[in-house]
Amino acid sequence: MKVEFYGHVRQYKNIQKEIDANLQEVLLSGNYVQGPMLKRFEGELAKYHGTKFAIGLGNGTDAIWLALMALGIGPGDEVITHPNTFFATAEAIWIAGATAVFVDCDPVTKCIDPKKIEAAITPKTKAIIPVHLYGQCADMFAIKKIADKHKLKLIEDNAQAIGASGKGFKIAELSDAATTSFIIQKNLGTFGDSGALVTNNADIDAKVRKLRNHGSNARNVHSFGFNSRLDDLHAGVLSAKLKHIDAWNDNRRKWAARYTAGLKGAKNFTLPTELPGYRHVFHLYIIETKKPEQRDPLVDFLVKNNIDAKTHYSIAIHQQAGYPWGKGARIVGSVENAERNAATCVSLPMFPELTAEEVDYVIAKVMEWDKAQG
Ligand SMILES: Cc1ncc(COP(=O)(O)O)c(C=O)c1O
């Protein structure tokens, strides 16, 4: 048996008629950039999040730095996040010209640890970017309390958790804006790149809408801006897929529960934790080896057994060669939990179209490896 890491083609085949119909509608409309399909998808995305606005953008990285720019955050300002996220979270802070300030993650959820944030706040701090890492929301109530106390802006990096929720809060409810990525491997992904920002703030909406289109709302009338639009073909794919996202996330949760039941009792790694009252959407199912030196042998063992295991993300941002590349960066306190996460994480195959046989094969092989460790 071979178990792939992604199921893009299976997913396409399952809803091919719906996707193809939308693509054809766009192709025959003659409108491919900022056309009616983008408008439709933006409306659907805003409705899905329960926000007033949604703006389609070129990718999830742009969504973060355009949000920062719309909030007036740039050179001389500091933005707090954590170093065991995908590189783009920090990259977006640097593109905006601000300083990235890293604090540790929570040892259980791997999302930013709210208890570590206040020590990092200085008069230059302007915003916090929590990441809903692996598909589970960060503790937004605790983070919002700190943001309010210190008058900081809050941007949720929601590239990995569309459809997730926390105990008593929804994504984009407690922040200034939430950003997402639609790169193919995300829970909601198109066949290529794109992203979006959702917000209830009319000023952010107006600014980002203009910035994404060469600083223009009207033909031939410009201010400084960029080109970061979500084109209508991708919007058509996403509109078709958005109708299925809750069911797909339910499937991810089902496979996660099966992994967790099957791997319970293993001695050489820990399993992911879903916080009570949270809806974790398992963008990734991450186990962590007890010892860092066990990680690569486990991945090799799985790959040799035709299981496409990966790591997310095996080198923390501040441990990348050349860090911080001449950009502003600070680390506040120990970031040992983030470093341990990077050193021990193993991602098992996780996508809605997995089969029970595939999940059981992965469980059997991981448990075989575990027993062999003693
Ligand atoms: C946490 C996180 N932030 C930001 C991004 C950036 O998104 P994109 O690749 O669409 O620019 C990604 C994914 O790629 C991500 O996982």
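1. The protein chain of this predicted model contains twelve helices and 13 strands. Helices (H or I, at least four residues) and strands (E, at least two) are DSSP runs, numbered from the N terminus. Residues are numbered from 1 along each chain as its sequence is written, and side-chain values use heavy atoms, with hydrogens and water left out. Because the model is predicted, local features need pLDDT of at least 70 and side-chain atom pairs count only at pLDDT 80 or more, whereas totals for chains, interfaces and linings use all residues.

2. On overall form, the radius of gyration of the protein chain is 21 Å, which agrees with the value near 21 Å for a compact globule of 374 residues. This radius is taken over C-alpha atoms, and the globule rule is 2.2 Å times the number of residues to the power 0.38. Along the principal axes, the C-alpha atoms fill a box of roughly 70 × 55 × 40 Å.

3. Of the 374 residues, 55% are buried, that is, under 20% relative accessible area with a 1.4 Å probe, protein chains only. Among contacts (heavy atoms within 4.5 Å) with a separation of 6 or more, 72% join residues 24 or more positions apart.

4. The largest nonpolar core has 56 residues, and Phe41, Leu45, Ile80, Ile117, Ile128, Ile143 and Phe182 have the most contacts inside it. Such a core is a set of buried Ala, Val, Leu, Ile, Met, Phe, Trp, Tyr and Cys residues joined through side-chain atoms within 4.5 Å. Elements giving two or more residues to this core include helix H2 (16-29), helix H3 (36-49), strand E9 (195-199) and helix H9 (245-263). A second, separate core of 29 residues includes Ile64, Leu68, Ala100 and Ile317.

5. Two cavities of 30 Å³ or more are found in the whole structure. A cavity is a set of points on a 1 Å grid over the protein atoms alone where a 1.4 Å probe fits but cannot get out; lining residues have an atom within 4 Å of a point. The largest cavity holds about 120 Å³ of space. Of its 17 lining residues, His8, Gln185, Lys186, Arg252 and Phe351 lie nearest its centre.

6. The second largest cavity has a volume of about 40 Å³. Its lining includes His49, Asn158, Ile171 and Val198, and strands E8 (177-181) and E9 each supply at least two lining residues.

Definitions and conventions: Buried means under 20% relative accessible area, exposed over 50%, partly exposed in between (1.4 Å probe, protein chains only). On a 1 Å grid over the protein atoms alone, a cavity is a set of points where a 1.4 Å probe fits but cannot get out, and a pocket is an open set with protein on both sides within 12 Å along at least five of seven lines; lining residues have an atom within 4 Å of a point. Grid points are joined across faces, edges and corners, and a volume is the space filled by probe spheres set on the points.
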